[in-house]
Amino acid sequence: QVQLVESGGGLVQPGGSLRLSCAASGTIFRINAMGWYRQAPGKQRELVATITSGGSTNYADSVKGRFTISRDNAKNTVYLQMNMLKPEDTAVYYCNARIAPTALYEYSSWGQGTQVTVSS
């Protein structure tokens with residue numbers, strides 16, 4: 001089993017910055033893509049950003065130019081640098097990792113979520 005532990009959430013004023021971290025631990029054979037998703041009250045969970053094991057990234061249009069996803073494969077950790085935060089970025093942010101025990105199979109693992117609140 002693989003556990004994902006997120007950290008770095010909190011309360012920040014509009015225009016401020018936060019950096020989220022997510023570390024994977026446990027029996028890890030290979031981690032393919034990693035990513036961040038968020039869920040605001042009353043809304044469905046949505047993709048924020050993803051990054052492949054090779055470093056290719058994908059962002060939601062709403063965060064392009066403000067958020068940066070990165071990863072440290074040696075530490076099995078993914079980061080999300082969030083700048084120019086807006087009130088509409090307020091949500092619970094979840095880390096996701098695609099775990100590949102074999103070359104032919106992968107499954108999705110989720111963290112417990114970390115709250116990000118953008119408010120003055």
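**Entry 1: a cysteine**

I looked up Cys 22 first, and Cys 22 is buried, with a relative accessible area of 0%. I noted the cut-offs: buried means under 20% relative accessible area, exposed means over 50%, and partly exposed is what lies in between, with a 1.4 Å probe and protein chains only. Before going on I wrote down that this is a predicted model, in which local features need pLDDT of at least 70, side-chain atom pairs count only at pLDDT 80 or more, and totals for chains, interfaces and linings use all residues. Residues are numbered from 1 along each chain as its sequence is written, and side-chain values use heavy atoms, with hydrogens and water left out.

**Entry 2: the disulfide**

Which residue does a disulfide join to Cys 22? I found Cys 95, with 2.1 Å from S to S. The rule I used takes a pair of cysteine sulfur atoms within 2.5 Å as a disulfide, and by this rule the count comes to 1. A disulfide is a covalent bond between the sulfur atoms of two cysteines.

Cys 22 lies in strand E3 and Cys 95 in strand E9, so the pair ties together parts that are 73 residues apart in sequence. Strands (E, at least two residues) and helices (H or I, at least four) are DSSP runs, numbered from the N terminus. I also checked the torsion about the S-S bond, which is about -80°, so the disulfide is left-handed. Cys 95 is buried too, with a relative accessible area of 0%.

**Entry 3: an open sheet**

I traced an open sheet of 4 strands in the order E1-E3-E8-E7, with antiparallel pairing. Its edge strands are E1 (2–7) and E7 (67–72), and each of these pairs on one side only. Two strands pair if DSSP finds at least two bridges between them. Neighbouring strands of this sheet are turned by 15° against each other on average, direction ignored. That angle is taken between axes, which are lines fitted to C-alpha atoms (for helices over the stretch in contact); angles run from 0 to 180 degrees between N-to-C directions.

How many bridges join E7 to E8? I counted 6, and strand E8 covers residues 77–82 and runs antiparallel to E7.

I then picked Ile 69, which is in strand E7. Ile 69 stands opposite Leu 80 in E8. At 4% relative accessibility, Ile 69 counts as buried. The C-alpha atoms of Ile 69 and Leu 20 are separated by 9.4 Å, while the two residues are 49 residues apart along the chain.

**Entry 4: the core**

I looked up the largest nonpolar core, which has 30 residues. A nonpolar core here is a set of buried Ala, Val, Leu, Ile, Met, Phe, Trp, Tyr and Cys residues joined through side-chain atoms within 4.5 Å. Which residues touch the most other members? They are Trp 36, Leu 80, Met 82 and Tyr 93. Among the elements that give two or more residues to this core are strand E4 (31–39), strand E5 (46–51) and strand E11 (114–118). The largest share, 5 residues, comes from E9.

**Entry 5: a hairpin and Trp 110**

Strand E9 (residues 91–102) and strand E10 (residues 105–110) run antiparallel and are joined by 5 bridges. A hairpin joins E9 to E10 through 2 residues. The bridge partner of Asn 96 is Trp 110, in E10.

I searched the whole structure for aromatic pairs and found 2. One of them is Tyr 37 with Trp 110, which is edge-to-face at 5.1 Å centre to centre and 65° between the planes. Rings of Phe, Tyr and Trp (its six-membered ring) pair if their centres lie within 6.5 Å; planes under 30 degrees apart count as stacked, over 60 as edge-to-face and the rest as tilted. Tyr 37 lies in strand E4 and Trp 110 in strand E10, so this pair ties together parts that are 73 residues apart in sequence.

Is Trp 110 buried or partly exposed? Trp 110 is partly exposed, with a relative accessible area of 37%. The charged end of Arg 45 sits over the ring of Trp 110, 4.7 Å from its centre. The charged end of Arg 45 also sits over the ring of Tyr 94, 3.7 Å from its centre. The rule asks for NZ of Lys or CZ of Arg within 6 Å of the ring centre and within 35 degrees of the ring normal.
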